[in-house]
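Reader: I am new to this structure and would like a close look at a single part of it.

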Amino acid sequence: MELRKDPITRSWVVVGHPEREKVRPDPCPLCPENRIETHALLDLPAQGRWQVRVYPHLRPFYRIEGDPGRTAEGIYDRMAPTGAHEIVVETPDHTRTLAQMSDEEVERVLDAYAQRIADLKRDARFKYVTVFKNEGPQAGEEWTHAHSQITATTFVPRRILYELRAAREWYRERERCVLCDILSQEIRQQKRVVDTVGDYYAFCPYASRVPFETWLMPKTHNHQFETLSPGEQRRNMASLLGRTLRRLLKVSPSYHMVVHTAPNTLQTKGELSEYWSTIAGDYHWHFEILPIVEQRSKSYSIKEVYFNGTYPEQAAERLRQIDPNS
Ligand SMILES: [Zn+2]
Ligand SMILES: [Zn+2]
Ligand SMILES: [Zn+2]
């Protein structure tokens, strides 16, 4: 496997196939009784046993050892897939889903995300840490047992790079954070806000890419999700996430969720070094949830333009009407 850079869009593509390892799909490798034979990177206990456990991924896209060794091939750039790829097992219970968990349990999952991001960011080789979750058959979920994935990469994924550039430009022109501006207009207009718990808001973004796309973010500006403090703040975010997932699962059984947080500022080389001067002021962490409602959204892969058949104002209205407690 290797990483190749598209010289036009500047996005990196993982080319090749992850090595097949001794992974039995059945019995479930994430269940505690079928323990995967690797050591846990993190254990978060509850009631005397672990609730959340983080492992190296069984078929990793990225490998922790070595140097990315970026080399040129004529006009092209390539590098080794150095990085980290981890699985966050969210519960020992094979049938329990994130949406069914108590606020306390969801909070432990968020704690695991934050601890792993902070830990991986200590490695200066990694420019970005992504936390994401694919749930449901249409989202390409690998195992039905509730889990999320974490990757640490020697490059910043394209969508994040776009966000960082746009946020920095906005900040240069206005000395304000674009996401703070977005959220305050959403709160003022109340057209696309779905729910709020304490300082945290769920809303359907103005130019939603797919029906019922929903973002979660704190009103108080903060560029790093991993600094989310334990206690009331984290509990409120956990509560909002649970409520939002319960609503979204009424419109679709499958979704993608991704945490957008600031890149690793230990990295001072390369295309991002110039971004750090204002990062604490210009970027704002958020979760993006993209339910899979229409198969038509696949047309993106060909045309690179999203076709969303549902107005976000209508999506938000519909989601507000769904009971988030059941
Ligand atoms: Zn299982
Ligand atoms: Zn902000
Ligand atoms: Zn984002």
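Leaving aside its neighbours within four places in sequence, which residues is Arg158 in contact with?

Author: The model is a predicted one. Apart from neighbours within four places in sequence, Arg158 is in contact with Thr9 and Ser11. Arg158 belongs to helix 2, which covers residues 158-174. It has 14 C-beta neighbours inside 10 Å, so Arg158 counts as partly exposed. Val15 lies 143 residues away from Arg158 along the chain, and 16 Å separates the C-alpha atoms of the two.

Helix 4 holds 20 residues, 232-251, and at 1.5 Å a residue it should span 28 Å; the C-alpha atoms at its ends are 29 Å apart, which agrees. Among the buried residues of helix 4 are Met237, Leu241, Arg243 and Arg247.

The axis of helix 1 (residues 103-120) comes within 8 Å of the axis of helix 4, and the two cross at roughly 110 degrees. Helix 1 is therefore roughly perpendicular to helix 4. On the helix 1 side the contact includes Val106, Leu110 and Asp111, and on the helix 4 side it includes Arg234, Met237 and Gly242. The residues of this contact are five nonpolar, two polar and five charged.

Leu110 is also one of the residues with the most contacts inside the largest nonpolar core, a set of 70 residues, and Tyr113 is another. Helix 1 supplies the largest share of this core, eight residues. Beyond its neighbours within four places in sequence, Tyr113 is in contact with Val88, Val131 and Val259.

Key. Residues numbered from 1 in each chain as written. Chains lettered and ligands numbered in written order. Predicted model: local features only at pLDDT ≥ 70, side-chain atom pairs only at ≥ 80, totals over all residues. Helix = DSSP H or I, 4+ residues; strand = E, 2+ residues; numbered from the N terminus. Expected span 1.5 Å × (residues − 1). Buried ≥ 20, exposed ≤ 12 C-beta atoms within 10 Å, placed from the backbone. Axes fitted to C-alpha atoms, helices over the stretch in contact; angles between N-to-C directions. Parallel < 35°, antiparallel > 145°, perpendicular 65-115°, else oblique. Contact = placed C-beta atoms within 7 Å. Nonpolar A, V, L, I, M, F, W, Y, C, P; charged D, E, K, R; others polar. Core = buried A, V, L, I, M, F, W, Y, C linked by C-beta atoms within 7 Å.
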